[in-house]
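Visitor: Could you walk me through this structure? I am new to this, so please take it slowly.

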Amino acid sequence: MASAVTFGVSVSPCFGISSKPRHRHRLRVRPERLAGDDLSVYSSDGVSVNGGAGSATGEKEKKGSFLDGGNGNGSLSLKPGTEKKMVKQRVVSEELEVLWDDGYGTNTVKDYLNVAKDMIKPDGGPPRWFCPLECGWPIKDAPILLFLPGLDGVGMGLILHHKALGKVFKVQCLHIPVQDRTPFEGLVKLVEETIRQEHASRPNSPIYLVGDSFGGCLALAVAARNPTIDLVVILANPATSFGRSQLQPLFPILESVPDELHVTIPYLLSLVMGDPVKMATVGIEHRLSPMQKMEKLSSNLTALLPLLSGMSNIMPKETLTWKLKLLKSASAYANSRLHAVKAEVLVLASDKDNMLPSQDEAQRLKNSLSNCIIRRFKDNGHTLLLEESLNLLTIIKGTCKYRHSKKHDFISDFLPPSMSEFRYAFDVVAGYMRFASGAALFSTMEDGKIVQGLAGVPNEGPVLLVGYHMLMGLELSCLVEAFLQEKKIMVRGIAHPELFWGKMQSSSNEFGFSDWVKVMGALPVTANYLFKALSTKSHVLLYPGGAREALHYKGEEYKLFWPDQPEFVRMAARFGATIVPFGTVGEDDIAELVLDYNDWMKIPVINERIKESIQDGIKIRDETKGEVANQQLFIPGMLPKIPGRFYYLFGKPIKLKGREDLLKNREEANELYLQVKSEVEQCIDYLLKKREEDPYRSIIDRTIYGALYSSADQAPAFKP
């Protein structure tokens with residue numbers, strides 16, 4: 001058993017580096033037992049020192065498994081024995097509450113620089129692993145995440161993300177002391193031995209390597225040497241492009257700078273590598289007024305800029321010269337072995353990286369590696385992980401990289417949204433739609449009374465929300481937000497597979513809509529996932545009309561295009577679920593449909609592109625089953641209007657507990673199916689009539705109300 005009671009004195013044998021106790025500085029510690037035999041020791045200074053790293057992608061669904069009928073109902077037959085296996089499956093989301101505190105924004109670069117002051121004190125020790133105290137205790141069977149630092153070597157580059165990552169990963173960070181001169185091959189062996197030990201201890205669990213800049217070279221080198229180990233490699237502006245750096249001509253000059261002037265070099269480098277404004281923006285709430293944001297930003301910048309001079313202590317002249325040579329050898333080593341990398345790779349690239357050509361390098365790596373995807377960040381600099389952007393865990397979730405086994409599972413590996421994700425998603429990503437639509441929601445109680453809000457929707461699952469899909473699915477964000485805000489319930493929407501595996505998922509390298517729908521719990525439209533969602537007592541959102549409703553033609557607004565098969569009724573009956581029919585209106589108050597599928601087909605060139613896209617797309621229906629099978633994926637031409645309002649009405653819940661007879665009696669199942677469809681139509685008719693009585697239907701009236709009384713979001717609607 002290895003332990004460390006002083007920072008960097010006693011090191012695990014897995015490092016392969018001897019360490020003599022000298023220059024000790026003592027820390028108050030508390031021990032923690034990890035999965036293996038190593039003893040992790042926590043310090044009062046906010047890090048735990050450990051001799052080792054603890055204990056030593058989703059594939060495409062087969063097209064035949066997609067549901068046949070709507071974006072959620074159809075043939076739901078499962079293989080014998082599958083039901084029992086699914087029900088027993090462990091679900092991560094049961095260990096985290098919805099809107100949990102991920103701590104993002106509570107730490108800033110200022111905290112990084114303050115911690116670095118203590119960690120760079122010479123102790124004579126070799127490179128070692130430590131666990132930041134803020135990471136806390138992870139959930140059961142959490143995979144391990146090893147952070148490989150950039151040029152600074154401190155190992156605190158994830159300080160903005162510690163609390164979030166520590167909830168779902170066993171986080172270990174590599175610390176490379178300032179005076180250490182371990183060659184690149186030595187660092188590769190150190191990390192390699194750690195992952196091999198972890199793999200031997202937990203062979204079925206993935207190992208995450210997060211490499212920042214220089215650490216990206218280290219991660220790729222280790223992955224190339226260990227192609228049989230299940231690795232998920234995340235690279236933030238990897239330094240594999242060091243040979244093409246914009247600053248390459250300046251590096252030789254740095255070696256000849258007089259010692260008395262060297263104090264300015266790390267300071268200037270810090271300004272080139274990162275964006276101080278983006279660093280100072282961390283933790284500033286998006287809902288603040290512009291004036292409040294500017295005041296907060298000014299205060300943060302004033303506190304941050306003087307601290308950047310401390311970079312000269314992190315990288316004194318001799319260390320900087322050594323690190324540049326180390327970076328050159330690391331880049332050459334990693335690039336020569338890219339062909340051997342078989343790991344799952346996610347590259348995070350900044351558009352405003354002034355140190356490395358990260359955007360071009362990301363594309364090169366994608367073309368060179370067998371399993372690589374990219375996410376671009378257009379407003380960030382080289383120090384992406386220390387700047388205001390997205391939480392790293394959010395990126396991992398949105399790209400479906402979080403998993404506990406060989407393959408990502410949208411049910412068992414799902415992590416509910418945190419409070420910071422909720423705020424960003426509905427203040428920034430869907431902020432305009434939220435403001436423009438002024439959503440008003442109503443529900444029906446057991447006695448048939450209609451009330452404002454969601455009180456009529458059961459809190460306990462399984463619940464199947466079945467309704468009408470407005471044009472382009474415009475109603476989705478407001479619906480999901482309302483359930484999270486009012487009831488703290490995560491609605492799992494059944495979504496088209498194009499969002500997960502088709503061109504919509506890969507058309508843009510920015511972290512966009514298709515990523516956010518995964519963060520917010522969307523599920524691919526497969527029988528297995530609907531089965532799993534109901535078996536875990538979830539609230540599931542189902543649109544039987546699917547893309548045919550969401551991409552309807554002119555004159556078809558508020559018309560249902562449902563299939564003939566009542567399979568979602570039978571599936572709900574199997575689990576004793578409650579069906580809640582609902583209607584939505586308001587698309588005609590937001591935009592006018594001017595170009596539908598038939599119009600596009602009359603335009604040369606464009607029609608051929610649409611046909612090719614449809615032919616290459618993922619099919620989820622049998623083309624022989626009538627109008628509902630006519631799901632042509634295209635982008636309709638819309639003309640914006642002065643926004644009106646979105647209205648939602650959830651009908652009286654239909655309880656199917658004890659209705660197992662519906663599994664065998666297709667006639668009764670079909671009658672109930674037609675009843676649900678009829679109630680959705682009645683909800684739509686009710687809303688179309690009652691919205692005429694709303695004095696705040698127009699955004700102009702709501703804005704005036706908000707200016708006089710409270711916010712426009714709280715403007716009342718019609719009385720039910």
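Guide: Let us begin with a term: a salt bridge is a side-chain nitrogen of Lys or Arg within 4 Å of a carboxyl oxygen of Asp or Glu. In this model, which is predicted, Asp 588, Asp 589, Arg 691, Glu 692 and Arg 697 are linked in a network of such salt bridges.

Visitor: How many salt bridges are there by this rule?

Guide: The count by this rule is 31 salt bridges. One of them joins Arg 403 to Asp 230, with 2.8 Å between the closest N and O atoms.

Visitor: What does Lys 401 meet in a salt bridge?

Guide: The side chain of Lys 401 meets that of Glu 344, at 2.9 Å from N to O. This pair also links distant parts of the chain, since Glu 344 belongs to strand β9 (residues 344-350) and Lys 401 to the loop between α13 and α14, 57 residues apart. Glu 344 and Lys 401 are both buried.

Visitor: And what about Glu 421 and Lys 397?

Guide: Their side chains form a salt bridge too, at 2.7 Å from N to O. Glu 421 is in helix α14 and Lys 397 in helix α13, so the pair ties together parts that are 24 residues apart in sequence. Glu 421 has a relative accessible area of 2% and is therefore buried, and Lys 397, with 8%, is buried as well.

Visitor: Let me change topic. How many aromatic pairs does the structure hold?

Guide: The structure holds 24 aromatic pairs. In one of them, the ring centres of Phe 483 and Phe 650 are 5.6 Å apart and the planes are at 80°, so this pair is edge-to-face. The cut-off behind that word is an angle of over 60 degrees between the planes.

Visitor: Which elements hold Phe 483 and Phe 650?

Guide: Phe 483 is part of helix α16 (residues 476-487) and Phe 650 is part of strand β20 (residues 647-650), so the pair ties together parts that are 167 residues apart in sequence. Phe 483 is buried, at a relative accessible area of 0%, and Phe 650 counts as buried at 0% too.

Visitor: Why is the pair of Trp 562 and Tyr 673 tilted?

Guide: The centres of these two rings are 5.8 Å apart and their planes are at 50°, so the pair is tilted. Trp 562 is in the loop between α21 (546-550) and α22 (567-574), and Tyr 673 is in helix α26 (residues 666-690), 111 residues apart, which links distant parts of the chain. Trp 562 and Tyr 673 are both buried.

Visitor: Which residues do ring pairs link into a cluster?

Guide: The cluster is made of Phe 442, Tyr 647, Tyr 686 and Phe 718.

Visitor: Which residues form the nonpolar patch on the surface?

Guide: The patch is formed by Ile 642, Ile 700, Ile 704, Leu 708 and Tyr 709, with about 590 Å² of accessible area together. Ile 704 is in helix α27 (residues 699-708) and has a relative accessible area of 47%, so Ile 704 is partly exposed.

Visitor: What about the chain overall?

Guide: The secondary structure of the chain comes to 27 helices and 21 strands. Of its 720 residues, 60% count as buried, and its accessible surface is about 29300 Å², of which 53% belongs to carbon and sulfur atoms.

Visitor: Where is there a cis peptide bond?

Guide: The peptide bond from Gly 461 to Pro 462 is cis, with omega near 5°, and Pro 462 is in the loop between β12 (450-452) and β13 (463-467).

Conventions
Residues numbered from 1 in each chain as written. Predicted model: local features only at pLDDT ≥ 70, side-chain atom pairs only at ≥ 80, totals over all residues. Heavy atoms only, no water. Phe/Tyr/Trp six-rings, centres within 6.5 Å; stacked < 30°, edge-to-face > 60°. Helix = DSSP H or I, 4+ residues; strand = E, 2+ residues; numbered from the N terminus. Buried < 20%, exposed > 50% of the residue type's maximum accessible area, 1.4 Å probe, protein only. Patch = residues over 30% accessible without salt bridge, like charges linked within 9 Å, V, L, I, M, F, W, Y side chains within 5 Å. Areas by Shrake-Rupley, 256 points an atom, 1.4 Å probe, with all protein chains shown as cover.
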